[in-house]
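Trainee: Can we go through this structure together? I would like to start with the sheet and then look at the pockets.

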Amino acid sequence: MNLIHRIMGNMETPRLLLRRWKHGDLAAYLHIVTDPQVMVPAGCEPARDLAAATLMLARDVRNDMCYAIVLKATGEAIGRIKFQTDMRRYHVNSLSLGYELRRDCWGKGYMGEALQAMIACAFERRKVDVLAVSHYADNYRSQRVIEKCGFCLEGVVPWACKRCDGKICDDVCYYILRDDYFSRLSLNKVG
């Protein structure tokens, strides 16, 4: 995977750099993974202490598909975004996305920008045929970002998951097909 990552490299948007996590990112990482308002709606258990956060960061440092979302202006990591196994598709060249953003950065368009970079990477670099993403039915912030980024509604899985807070949630699922992605690119070039 290290060779693949070197080929894949970082991703840049006008305001963001998506790069691999480093152990030196721990202070910024703590602001993300210890906040229940960030982690629980994303389906992740918040880190309860420094030791747990350090273990989570070590895992993300080793994960070739997990990126820090970094503000180019300050160099500060404000979120994480990752490719992951698409659990709803078998024997299909697909990936799914997961993400969290520090709460004080909500509503500024950062996640949409990061998501667009990951979409381009998925189809142009990783050559997937399907890219999926989902959110819990009560996570309206994620819903808006996902829809703005051009994902198509696939459906709702009722009672799909019991979150770490004990709530049983419906999972709202979306996708983009490779052909649709490249058709949109062609249309944007013409328009």
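Predicted model: local features only at pLDDT ≥ 70, side-chain atom pairs only at ≥ 80, totals over all residues.

Trainee: What is the strand order in the open sheet?

Mentor: The order is E1-E2-E3-E4-E5-E6-E8-E7, which makes eight strands with mixed pairing.

Trainee: Which strands stand at the edges?

Mentor: Strand E1 (11-12) and E7 do. Each has a single partner strand, so one side of each has no neighbour in the sheet.

Trainee: How many bridges join E1 to E2?

Mentor: Two, and the strands run antiparallel. Strand E2 covers residues 16-20. Glu12 has Leu17 in E2 as its bridge partner.

Trainee: And what does Leu17 stand opposite in E3?

Mentor: Val70. E2 and E3 are antiparallel, with five bridges.

Trainee: Staying with E3, how many of its residues are buried?

Mentor: Six of the six, in residues 66-71, so E3 is largely enclosed by the rest of the structure. Cys66, Ala68 and Val70 are on one side, Tyr67, Ile69 and Leu71 are on the other, and all of these are buried.

Trainee: How does E3 pair with E4?

Mentor: Antiparallel, through five bridges. Ile69 stands opposite Gly79 in E4. The hairpin of E3 and E4 has five residues between the strands, and there Gly75 takes a positive phi near 80°.

Trainee: Which side chains does the Arg102 side chain join in polar contacts?

Mentor: One is Glu76, at 2.7 Å. Another is Asp104, at 2.6 Å. Leaving out residues up to four places away in sequence, Arg102 touches His31, Ile32, Val38, Glu76, Ala77 and Ile78.

Trainee: You named Asn139. Where is Asn139 found?

Mentor: In the loop between E6 and H6. A polar atom of its side chain lies 3.1 Å from the backbone nitrogen of Ser142. Asn139 also touches Pro41 and Ala42, not counting residues up to four places away in sequence.

Trainee: How much space lies in the second largest pocket, and which residues line it?

Mentor: The space is about 180 Å³. The lining is Gln116, Ile119, Ala120, Cys149, Gly150, Ile176, Tyr181, Arg184, Leu185 and Asn188. By class, that is six nonpolar, three polar and one charged.

Trainee: Which element gives the largest share of that lining?

Mentor: H7, with four residues. Helix H7 (178-190) and H5 each supply at least two.

Note on methods
Residues numbered from 1 in each chain as written. Heavy atoms only, no water. 1 Å grid on protein atoms, 1.4 Å probe; cavity = no way out; pocket = protein on both sides within 12 Å on 5 of 7 lines; lining within 4 Å. Points joined across faces, edges and corners; volume = space filled by probe spheres on them. Nonpolar A, V, L, I, M, F, W, Y, C, P; charged D, E, K, R; others polar. Polar contact = N/O pair within 3.5 Å; in protein donor to acceptor, adjacent residues only side chain to side chain. Contact = heavy atoms within 4.5 Å. Pairing = 2+ DSSP bridges. Buried < 20%, exposed > 50% of the residue type's maximum accessible area, 1.4 Å probe, protein only.
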